[in-house]
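Hello,

Here is the structure we talked about. My notes follow below it.

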2 protein chains.
Amino acid sequence: MTGVPSRAGDPALPAWRDGAAKRAILDFVARVTTVGHPDFVAPADRVAVFDNDGTLWAEHPLPVQARFVLDRIHALAPRNPQWKHQQPFKAVLEGDVAGIMSAGMDDLAKLVMATHAGMTTDEFAALVRDWIATARDPRFGRLHTDLVYRPMLDVLALLRANGFRTFIVSGGGIEFMRTFSEEVYGIPPEQVIGTSIVTRYVVRDGAPQLLREAELHFFDDKEGKPVAINAHIGRRPIAAFGNSDGDFAMLEWVTSRPGSSFGLLVHHDDAGREFAYDRDAGLARLSRGLDEGPGRGWTIASVKHDWEVVFPD
Amino acid sequence: MTGVPSRAGDPALPAWRDGAAKRAILDFVARVTTVGHPDFVAPADRVAVFDNDGTLWAEHPLPVQARFVLDRIHALAPRNPQWKHQQPFKAVLEGDVAGIMSAGMDDLAKLVMATHAGMTTDEFAALVRDWIATARDPRFGRLHTDLVYRPMLDVLALLRANGFRTFIVSGGGIEFMRTFSEEVYGIPPEQVIGTSIVTRYVVRDGAPQLLREAELHFFDDKEGKPVAINAHIGRRPIAAFGNSDGDFAMLEWVTSRPGSSFGLLVHHDDAGREFAYDRDAGLARLSRGLDEGPGRGWTIASVKHDWEVVFPD
C-alpha cells in the first residue's frame, strides 16, 4: 500500500492523467535532482511535507479520526451510564447528527478527551490499531486505510525514489496516524508530525509508562504547521502538499524558501468518484488556496481532471 | 569533527582504553546487529539517544549555553541602560558571580528570555553561529565546539557505521544546538531534540517568518526526555547515553524496552584532564545514576580510567 515502487524505467505517477499538474510535479523533481541545474537541491534538503486528511486519504464527510471518536464513545458507554443524560455524549449515543454538528469547541474537546486520554501510549496505539483494522467507511464499505489516494501514493513513491524524505504534517493526532503511516504510506513514525496531547512519564510497579493526559499539547493546523515543521524537522521543506486553507500557511512557508520549491493543493471536485467540497466545507474549506494559489505558483490538482484513478483497487 | 570514520578494518572506539565499558559498548553493538542473534534488532529500530551537555561536550563549571546568555547580556547592555539598575541583569553586568548563582528560577528565566526571544528563528541562528565561532572556554582557551568528548564521537561513529540513527535529547536549546550539531557531531537538525521556546508564524511585508516568543514551550529534561523522545521519534530507542540524574528517566525508559538495550553514564572523575563533579554538582548532579545504574545493567564510563583521550587535539 505504499504506491507503485518506482524502479528505473517505470513511468512515474501512473495514476495521474497527462496534464499541467502531472508535468509540474515531474518538472520540479527533475530540476531539483539534476546535478548542475540552477535549481539543484542537495539530497539532505530534499524534504517534502504532506497534509493527511483530504490530501493522502479521504476526509469527507467526516474525518476518519472523528469516526474513531464516535465509535469509542459507543464502546465506552456501558462504563459511563451518566452519558445518557450528559451532552455532548447524549447526542453521540442517540445518533443526533444535528446535535453533534452544532456542538461547540468545548463539547468537541470533551468527546476527544474522553476517547483519547486516560491510558498509556501503548494502550492507545492498540485501541487505534484494532479499530483501524475493522472500521469501514459507510459509503464505500471499505477500510479507511484502503481509501487512500492512489495518485498521492505515486507522488510519495516518486519523491522517495529521487532522494526525498517524506513527512506528514497534519492536524490529526500524531499517535493516531503513527499506528498505520509506515505500512500505508511508507512514512515512519519519526516523520509523522501532528496534533498532540500532553503525555506524562510515570513508573508503575517498576514499569515506566507514558500516560496520555486530558490536555492539548499542540494543535498542528494552519499557522501551527510551519511552527511544528520548524520544531520537528529544523529545515524548511522544499515541497508541500495539502488540500485546504488549513494548509495555506504550510505551503506559504515552504514556497517562500530561497531557491526552488513546490506547492500543490488537491481540489476535491469529483462527487461521482469520491466527494466534491471546497469553499463551503467548514473546517476542510479550500477557498483562499484556490484564489491565491495559482498566482503564487502553486499547482491546483483537480481530482476530476488530473486523477485517472482515485482509490486503489 | 565527526569522529574517526569507521571503515571496515579500523579498530572501533580508538579513544577508549580496553576495559569493561569499552567491551560493553562493542558487545551490545555486535549482538543487536548480528542477523540470527537472539538480541538482533532490525535496522529501522536502531535508534540511539545522547544527552549533550556533559555527555557529548564539556558543561563544567558552566554550560556553554549559559555562557552565551551572559555574553549576550553584555552585548545587549548598551541598548538596555536600565539593566544597570535591575536584577538579575545588574549582577551579570557587574560580574557578580555569587549574585548570579543565587538567582532564582524567575530571574534566570528573565536572562534567558532577554537573550533568546524577540527575534526570528533565522536571526537567532545567526547570533548563535557568530558566537560559537569565536567564544572560547576560559580554562582551555579553545572554542567550545573543540571541547567535545572524542570518545563519544567514536561512539557516534561506531553506531552509525552499524546502521544506527543517532539523536541528541538535551535540556539545552534545540535551536542553539542545531546551529552546530551536524558539523560537530554528524547529527542533522531533525535528529536534535531539546528545550524549546514558543514560536509564532507571521507574515511581514509579504515575507513569512517564525518569531521567537518570550515563553517556554517545552523543557526537555528529566521526565521530559522520554516524553520528548516519544513525541519526536515515536519509537523507543535501544541505546541511551547521559551523564547526570537529568538523564535517569531517559535511560530508564530506553532500558525498559522489551528486547536488548544499552544505557551508559559518563562519570566525570578526572579533574586533571577536564573536570570532576558528581554528587554535589547541583543541576548536573550524578548520584542516583551511580547508585542504581550498575544494578540496572547500565555501564558507568569513568573519564579517568576508560578514556585514553578526552578532547580532540
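**Strand β5 in chain B**

In β5(B), B:A239 is the bridge partner of B:A48. Bear in mind that this is a predicted model.

B:A48 brings in strand β1 (residues 47-50) of chain B, which pairs with β5(B) in the parallel sense over 3 bridges. B:A239 also has a bridge partner in β6(B), namely B:F262. Strand β6 (residues 262-269) of chain B runs parallel to β5(B), and 4 bridges join them.

Now the side chains. In a regular strand they alternate between the two faces of the sheet. In β5 (residues 239-242) of chain B, B:A239 and B:F241 point one way. B:A240 and B:G242 point the other way. All four are buried.

**The second largest pocket**

This one is in chain A. The space in the second largest pocket is about 1700 Å³. Its lining takes in 45 residues. Nearest its centre lie A:P63, A:A66, A:L108, A:V112 and A:L283. By class, the lining has 25 nonpolar, 11 polar and 9 charged residues.

Which element gives the largest share of the lining? That is α5(A), with 7 residues. Other elements of chain A that supply at least two residues each include α2 (64-76), β3 (192-204) and β4 (207-218).

Where does the pocket lie? Domain 1 (20-57 + 146-306) and domain 2 (64-116) of chain A both give residues to the lining, so the pocket lies between them.

Best wishes

Terms used
Residues numbered from 1 in each chain as written. Chains lettered and ligands numbered in written order. Predicted model: local features only at pLDDT ≥ 70, side-chain atom pairs only at ≥ 80, totals over all residues. Heavy atoms only, no water. 1 Å grid on protein atoms, 1.4 Å probe; cavity = no way out; pocket = protein on both sides within 12 Å on 5 of 7 lines; lining within 4 Å. Points joined across faces, edges and corners; volume = space filled by probe spheres on them. Nonpolar A, V, L, I, M, F, W, Y, C, P; charged D, E, K, R; others polar. Domains from an automatic or database assignment. Buried < 20%, exposed > 50% of the residue type's maximum accessible area, 1.4 Å probe, protein only. Pairing = 2+ DSSP bridges.
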